[in-house]
Amino acid sequence: MQFGEQMKSAEYLAVNPQGQVPALKVGDTVLTETVAILTFLAEQFPDKGLIPPAGSIERGEFYRWLCLSIHLEYALMDKFMQVNIDADRQKMIGYGNPDVLLDTLRQHLSGRTFILGNQFSILDLHFSSLIIQFTRKQHVLSADDSILQHYATAHLARPAFAETMAWAELAVKEMA
């Protein structure tokens with residue numbers, strides 16, 4: 001059975017009825033959605049500093065960029081699917097104008113290494129993954145976008161990311 005078929009199997013649908021990844025089972029609870037899982041895991045290991053302390057203004061900023069990451073993913077997917085995003089649609093959808101959203105991200109990242117302050121966070125992992133996905137797989141973002149590409153490449157070159165990707169590729173092969 002191929003990986004995609006396994007995600008539609010009765011066994012996996014019992015974990016995630018949407019038949020999508022990621023899904024994380026913790027005790028009797030199943031978490032789905034990338035940003036939910038990333039946030040949960042970062043909160044479980046506060047000593048790693050992957051999320052700002054609860055109640056801090058930095059946590060508020062974290063939530064802002066977390067929400068914008070979701071909007072970015074939808075905006076880029078709409079561009080990939082060639083959805084007409086006219087002025088009326090921009091008023092009705094959460095991300096508004098996708099080009100303004102991307103410019104907001106570019107301006108924020110210009111001259112910065114991290115989304116938040118001076119430390120790597122789960123947001124850096126998530127935004128970097130989105131940038132690479134929509135550059136290399138969906139070809140919505142330009143590989144010539146120096147700000148976005150420099151930012152993403154730097155974070156995805158981290159040894160922990162390479163180890164995780166090697167593990168993930170092995171896991172997919174084992175499932176196939």
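Predicted model: local features only at pLDDT ≥ 70, side-chain atom pairs only at ≥ 80, totals over all residues.
View 1. In sequence, T29 and F114 are 85 residues apart, and their C-alpha atoms are separated by 32 Å in space.

**View 2. Helix α4 and the elements that cover its buried residues**. Helix α4 (57–80) contains 24 residues and extends 34 Å from its first C-alpha to its last, close to the 34 Å expected at 1.5 Å a residue. Its buried residues are R59, F62, W65, L66, L68, S69, L72, A75, L76 and D78. The cover over these residues includes α3, α5 (87–92), α6 and α7. Just after the helix, Q82 adopts a positive phi of about 60 degrees.

**View 3. Helix α7 and its buried residues**. Helix α7 runs over residues 122–137; its 16 residues should span 22 Å at 1.5 Å a residue, and its end C-alpha atoms are 22 Å apart, in agreement with that expectation. Buried in this helix are I122, L123, D124, H126, F127, S128, L130, I131, I132, F134 and T135. Among the elements that cover them are α3 (34–44), α4 (57–80), α6 and α8. H139 follows α7 and has a positive phi, near 55 degrees.

View 4. The side chain of T135 reaches the backbone oxygen of I131 at 2.6 Å. When residues up to four places away in sequence are not counted, T135 touches L141, S142, A143 and Q149.

**View 5. The left-handed crossing of helices α6 and α8**. The axes of α6 (residues 98–109) and α8 (residues 146–156) come within 9 Å and cross at roughly 65 degrees. On the α6 side, the contact is made by L102, L105, R106 and L109, which meet I147, L148 and Y151 of α8. By class, this contact has six nonpolar residues, one charged residue and no polar residues. Both helices also belong to the cover over the buried residues of α7, and α6 is likewise among the elements covering the buried residues of α4.

How values were computed:
Residues numbered from 1 in each chain as written. Heavy atoms only, no water. Axes fitted to C-alpha atoms, helices over the stretch in contact; angles between N-to-C directions. Helix = DSSP H or I, 4+ residues; strand = E, 2+ residues; numbered from the N terminus. Left-handed = near helix turned anticlockwise from the far one by under 90°. Contact = heavy atoms within 4.5 Å. Nonpolar A, V, L, I, M, F, W, Y, C, P; charged D, E, K, R; others polar. Expected span 1.5 Å × (residues − 1). Buried < 20%, exposed > 50% of the residue type's maximum accessible area, 1.4 Å probe, protein only. Polar contact = N/O pair within 3.5 Å; in protein donor to acceptor, adjacent residues only side chain to side chain.
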